[in-house]
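Please keep the structure open while reading.

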Amino acid sequence: MLSPFNYGNIVFIISYFPRKSNCFAKILQFNPLRSLSFTKIKLTFFENSGKIPLFEERRTVLKERKKKSKWVKRRHARVFAFLRVIMRPFCRLRYGFTAERCDLPSGPYLIVSNHQATMDQFFLSLSFRFPIYFIASDDLFNLKVSPLIEYLVAPIPKSKSFADISAMMNVFRVIKEGGVVGVCPEGNRTISGGQWEMGDAIAKLAKGLKVPLVIHNVCGGYGTDPRWGHNVRKGRMRGFVRRVVSPEELAALSVEEVFSLIKAELTVDDTQSGVAFRSRKRAEYIERALYLCPVCGGISTIVSRKDRFRCRNCNTSSVYTPYLHLSPPVRQYDRIYEWFEWEREEIVNRVLSGESVSDKGILFRESVKFQKKKKLAGDCVAIDAHNLTVSHKHGQSVYPLDAITAVTMVGKKKFNFYYEGKILQVKGNKRFCAIKYVHVFDGLRQRRSTEGVTE
């Protein structure tokens with residue numbers, strides 16, 4: 001039985017064969033402007049109506065499926081090869097860096113490394129011959145050159161200090177395409193020279209990917225280019241693969257064991273290297289890391305100049321030596337990370353006792369992924385036991401700490417806080433200490449969660 005009908009300038013001739021309530025038909029589609037094509041469609045047949053009021057196409061040759069573009073592209077390999085040629089002599093001359101080459105074949109791999117210096121991603125890449133897709137802070141994607149960076153090396157964007165599902169999906173996507181993913185599990189560049197706290201999510205990821213885990217170390221980065229510093233020191237740096245863990249080894253270990261392995265293999269202490277890192281201004285801007293005086297307890301009273309720093313309140317002073325020690329020691333602390341661990345605990349005690357931490361002359365902005373930052377009203381920031389407050393000449397904005405998801409340090413003198421789905425950023429002057437706000441927030445949250453468990 002034939003049932004022709006018109007649709008514009010296309011003539012359809014349908015022959016159908018009733019089978020209960022369904023039938024299959026063949027369509028001969030004729031269009032003067034196109035060649036003949038055949039397809040099958042499924043029709044719903046109503047026996048009593050004698051008509052076919054609607055039909056549902058499966059996949060026809062007239063509509064092509066749009067293929068999802070791949071993350072891993074050939075141009076990335078060419079870009080990385082070119083950058084290695086340019087960056088190897090530059091890193092050698094500028095930072096005294098030497099990379100030990102690793103002859104691993106093409107991926108997929110998960111590469112983890114410690115995070116000491118500004119150029120760590122370049123240092124890591126010089127040890128390998130294939131492109132690496134780095135997990136990067138979303139702050140990188142607010143720059144004017146961000147589109148160019150995305151096109152050339154395609155980093156994987158991730159929000160700091162909390163789980164980002166889309167980032168993890170992209171990691172699996174890169175691995176599935178045969179790419180290599182690079183990540184610094186600390187999530188933040190060290191500011192004290194000690195290892196930044198990390199969560200066990202990296203261990204779960206390493207086991208879940210089922211690919212070899214490559215553990216890479218950068219040594220000398222903190223001595224050469226400390227995060228709190230303003231200039232590069234003359235010293236020695238090197239990068240090398242410390243260990244490769246096979247998928248079979250990872251499968252045999254628990255998450256806790258993999259996490260302990262990663263933490264141990266990524267531990268690097270430049271203060272014990274015996275290498276001298278020389279600069280006439282090696283102590284300048286040390287107040288970006290040291291904000292609490294161990295002698296008098298003054299907050300934000302440390303000032304620095306050249307190779308020396310002192311407290312404005314009690315006039316305690318010390319020299320930061322080329323071997324990364326404090327001479328004389330301040331109280332019992334002769335390394336920055338020892339002082340740093342003390343102050344992160346002490347500042348929480350002070351805030352819980354009723355004190356607050358504040359700074360003037362800040363810039364307040366909203367950060368939106370892949371867009372230019374939006375300036376907001378605010379020139380003073382303060383944090384106490386309950387709220388983070390940004391003040392301006394017309395009033396103030398109060399952000400309850402319970403409603404803030406996370407606070408994280410960005411760069412040398414900025415911190416982001418995540419509030420009601422927004423990324424808000426505070427940027428200070430050149431001597432602004434951002435880490436103290438992170439210490440207060442994280443410390444208060446940890447204390448309260450511990451008290452809740454105890455109760």
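## Helix α4 and its surroundings

Helix α4 is followed by Gly178, whose phi is positive, near 90°. The model is predicted, so local features need pLDDT of at least 70 and side-chain atom pairs count only at pLDDT 80 or more, while totals for chains, interfaces and linings use all residues. Residues are numbered from 1 along each chain as its sequence is written, and side-chain values use heavy atoms, with hydrogens and water left out. Helices (H or I, at least four residues) and strands (E, at least two) are DSSP runs, numbered from the N terminus.

The 12 residues of α4 (residues 165-176) should span 16 Å at 1.5 Å a residue, and the end C-alpha atoms are 17 Å apart, which agrees. The expected span is 1.5 Å times one less than the number of residues.

Which residues of α4 are buried? They are Ala167, Asn170, Val171, Val174 and Ile175. Seen down the axis of α4, the buried residues fall within an arc of 140°, so they line one face of the helix. The arc is that of the directions from the helix axis to the C-beta atoms. An α-helix has 3.6 residues a turn, so residues three or four places apart point the same way. On the other side of α4, Ile165, Met169 and Lys176 are exposed. Buried means under 20% relative accessible area, exposed over 50%, and partly exposed in between (1.4 Å probe, protein chains only).

The cover over the buried residues of α4 includes β7, β8 (133-137), β9 (156-158), β10 (180-183) and α5 (201-209).

## Two residues elsewhere

Leaving aside neighbours within four places in sequence, Ile111 is in contact (heavy atoms within 4.5 Å) with residues including Leu124, Phe128, Val180, Gly182 and His216. Ile111 and Gly182 are 71 residues apart in sequence, yet their C-alpha atoms are 4.7 Å apart in space.

## The chain as a whole

The chain has 10 helices and 25 strands. Of its 455 residues, 48% count as buried. Among contacts between residues at least 6 apart in sequence, 61% join residues at least 24 apart. The accessible surface comes to about 24,400 Å², of which 54% belongs to carbon and sulfur atoms. Accessible areas come from the Shrake-Rupley method with a 1.4 Å probe; for residues, only the protein chains shown count as cover.
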